[in-house]
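Keep the sequence and the 3D view side by side while you read.

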Amino acid sequence: MPERARFRAARLLPVVLVSFALLLPACSLGGEPNSLLVLEWAGYEEEDFWTDFQTANPETAVDFEFGENDADILAKMQAGSQADIFHFYTGWQQFYVDEGLVQEIDTSKLTNWDKVPDSFKELGQVDGKQYYIPWDWGFTSILYNTEHVPEVTSWDVLFDEAYSGHISMWDDGPAAVTVSSYINGWDETAITDEQLAQIEQDWIAQKPLNLHYWDSEYENLCPEVMSGEIWVAYAWQGCYASALYGPVDEDGNYHPEDAPPVAYAEPEEGRNSWVGLYGISADSDSPELALEFLDDKLAELTCGNAVTLFYYGCANQEVMDAIEDPVLIEAFGIDDPSILESTNFTPPVTAEQRDDWTAMWTRVKSE
Amino acid sequence: MLGRRRAFRLLTLPPATWLALFFVAPLILVVAISFRPEAGPIDFGDPWTLSFAQYERIFATPSYLRLLGTSILIALTVAMAATILAYPIAYFLAFRARERATLYLILLLIPFAVSYLLRVMAWRLMLGQEGAINSFLMSVGLTSEPIDLLLYSQGAVIVTLVYVWIPFAALPIYAALQRIDRGHLEAGADLGAGPWSRFARITLPMALPGVLASFFMVFIPTVGEYVTPSLVGGTEGYMYGNLIQDFFGQAGAWAGGAALSVLMLVVTIVLVAVALRVIDVRRLAS
C-alpha cells in the first residue's frame, strides 16, 4: 500500500470505529429495543407514575407523547403513532380492537394481576379477550363551594343562573351529553337526534354561566376552586382532595386551615365513575417490555403514588385497602359502602355517537 | 468560478427545498384532507375519494361562520390597536432616540427573550380576580368587589394580543421611518410646513408601506390565534383558531379541521388582497 493511502486509512480507522461504537446501541442485533414510547395524557409522564419500572429498568429509555383527550389519542393511534403503549378511558375500548390497533395481553405474565378486582379486569375485556389493563379510576361529580352554594343534590346546579360567572364545566362533548342524560333521565347510550338537539340548546344557554370550560384539572380547575373563583364545577375527586388538603407552601407542607369550604356532591341522579385503561399497540416493537411496564404500573409503590400524590384511585386493591388518610377516605367515599350503588359507570360509545357528540360540543363552543 | 445565475440557484436551493417540503407539501396535504368525507378520525388506509362533505357541513353550521366573522373583527381590532400603539415607539426610535436607538431597540426586543406562554400567563395574573388590576381598583376604592369580567372575556383576549404584538408591529414601521430621506423633511420646513404638516404630508405617507406591513403582520396570524384565547378568553373569547384546534384534537375530525383551515386561509387571502387593492400604497407613499 502506498504511504499516502496507508496514512489515509490510519486516519479513517478511528473515525470508523467511533461511528460503529456510536451506532451499535442504536441497532437492534436481535431482541427488543430497550426503549418505550407511551402515548399519554399530560401529567402522567411524571416519574412517580412509573417509578417501579424505572427502578427495575434504569437503562430503558421511556419517552412520552401526549394526547389531549380520548379522541385525540385514538386519532394519533389511527394516524400511525409509534407508541408501544397508549392510555385512554372507559367508553373507547371497542375502537382500538375494531381497527386492529391493540394486541391481546397475556395476563399470566403479570405479577400484580391478582391484586386487580374482577370488575376492573372486565372493563379491559372486549369479546371475552383481555386487551387492556385497568389502572387509574375515580369519580365525577359536582365540586362546590359551601360558602356560596347550599347542598347540591342534582347535576342541574351547573345550569343555575344564581352562580353565573362562577361555574366551570369540563371542556368535553361526551361529558356534556352524560350530564344532560342524568338530568333528563335519558339513557345515554341511546340518545336520539331530538334529544341531542335539546342537549345542544341547553348547553348553549348554559355557556355564559361559566367562568371558563376547564381542560386541565390541576392547571385551570383546582387553582380557581382554591382561590374561590369557581363555586360549582364538574370535577373529579382529585380536585376535591386537593381542596381538602388546602394550599401547599414552598416546603411542600399543606395548610388545611386555609382550604376553601368545599363539598363533593352525591347527586340524586348518581355520580359518574371512570376507569383509565392501558393497551399495547399491535405494532409495538417491544411488547414484552411494554407488558413489564404495565405490570409495574400496578405495583404497590407506583399505584400508591397515584393515590397519595395525585389522588387518583388505582386498580391495585391492596393499595386502596391500605388507605388511612381521612382526606383520601372522604375523596374516594371509602367509608360509604353504598357509594358504588349510586354511581353510573361510563358506558361504551359507538363511533357515530362519539362523532355526533363532539361535533355538538364544537357547535356549542362556537356560539 | 460560479456564474451569478448558478450561484443564485445554488443559494436558493436549500431554502426552496425546505419550504417545498415543510410548507408547500403540508399545505397541499391539508387541502387534500379537507376533501375527504370522514366526520371523525381519518383512516388513511381507505381510498381517497373526492368529497365536499366537510365544506357542506361548515356552510350548514352558521355558528362556525359567525365565529370566523367574530375572529376577523377581533383580528382587525388587535391589528389596528397594535399598529397605532407601535407607531409612536417606532417614531421615537427613528427620529428622537439618536445614538441610543440601538439600546432602545434591544429593550424593545427583550420581551421576545421571554416565552410567549409566560407573557400571556402574566396577563392572567394581571387580570385575575386577585390580580394587579383588581387589587389596584379595590385599594383606591373604585370597586368594593373584584371585577369578574376582566379575565376570561373577549376584551382580555384583545388586550393581551395587542400587548404581545406591539414590539413586532414596531419593527416594520421603524424600518420604513428610517428609510425616509431627512432632506424631504428639511425641504418641507424650508417651504414653511410646520411639524404637524410635515408629519401628515411627508412622514406618515412615506412610512405607510411599513405601517401596512405591521398591520397585516398582526392581522393575518391573529385570525387563526388559539393559544391566547384558550388561556385568557374563557367561553366568550373562543376564536376560530380554537375551533380548528378542537376539530383536530378534541373531535379527532381532521378532515373537518382541514376544511375549516382552508376556509380561513382563503378568506384571509381575499381580505388582504381586497385591502391592498383598495389602498394604493405606492400612490400614498409618493
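Two residues count as in contact if their C-beta atoms, placed from the backbone, lie within 7 Å. Keep that cut-off in mind, for the model is predicted and the contacts below are computed from it.

Start in chain B with two helices. H1(B) covers residues 4-34, and H12(B) covers residues 254-278. Their axes come within 7 Å and cross at roughly 115°. The crossing of H1(B) and H12(B) is left-handed. Which residues in H1(B) meet H12(B)? They are Val30(B), Val31(B), Ile33(B) and Ser34(B). On the H12(B) side, the partners are Trp254(B), Ala255(B), Ala258(B), Ala259(B), Ser261(B) and Val262(B). By class, this contact has eight nonpolar residues and two polar ones, with no charged residue.

Now turn to chain A. The chain holds 14 helices and 13 strands. Its C-alpha trace spans about 95 × 50 × 45 Å along the principal axes. Of its 367 residues, 46% count as buried. Look next at contacts in chain A with a separation of 6 or more: residues 24 or more positions apart account for 74% of them.

Where they touch, 15 residues of domain 1 are in contact with 19 residues of domain 2. Three elements of chain A give two or more residues to the domain 1 side: helix H4 (93-98), strand E11 (271-281) and helix H13 (326-331). Which of the elements gives the largest share of that side? H4(A) does, with three residues. By class, the domain 1 side divides into eight nonpolar and seven polar residues, and none is charged.

Finally, bring the two chains together. The contact takes 23 residues from chain B and 25 residues from chain A. On the chain B side, helix H3 (62-96) and helix H11 (240-248) are the elements that give two or more residues. What classes do the residues of this side divide into? Here 10 are nonpolar, nine are polar and four are charged. Compare the domain 1 side within chain A, where no residue is charged.

How values were computed: Residues are numbered from 1 along each chain as its sequence is written. Chains are lettered from A and ligands numbered from 1 in the order in which they are written. This is a predicted model: local features need pLDDT of at least 70, side-chain atom pairs count only at pLDDT 80 or more; totals for chains, interfaces and linings use all residues. Helices (H or I, at least four residues) and strands (E, at least two) are DSSP runs, numbered from the N terminus. A residue is buried if 20 or more other C-beta atoms lie within 10 Å of its own, exposed if 12 or fewer, and partly exposed in between; C-beta atoms are placed from the backbone. Axes are lines fitted to C-alpha atoms, for helices over the stretch in contact, and angles run from 0 to 180 degrees between N-to-C directions. A crossing is left-handed if the near helix is turned anticlockwise from the far one by less than a right angle, and right-handed if clockwise. Ala, Val, Leu, Ile, Met, Phe, Trp, Tyr, Cys and Pro count as nonpolar, Asp, Glu, Lys and Arg as charged, and the others, Gly among them, as polar.
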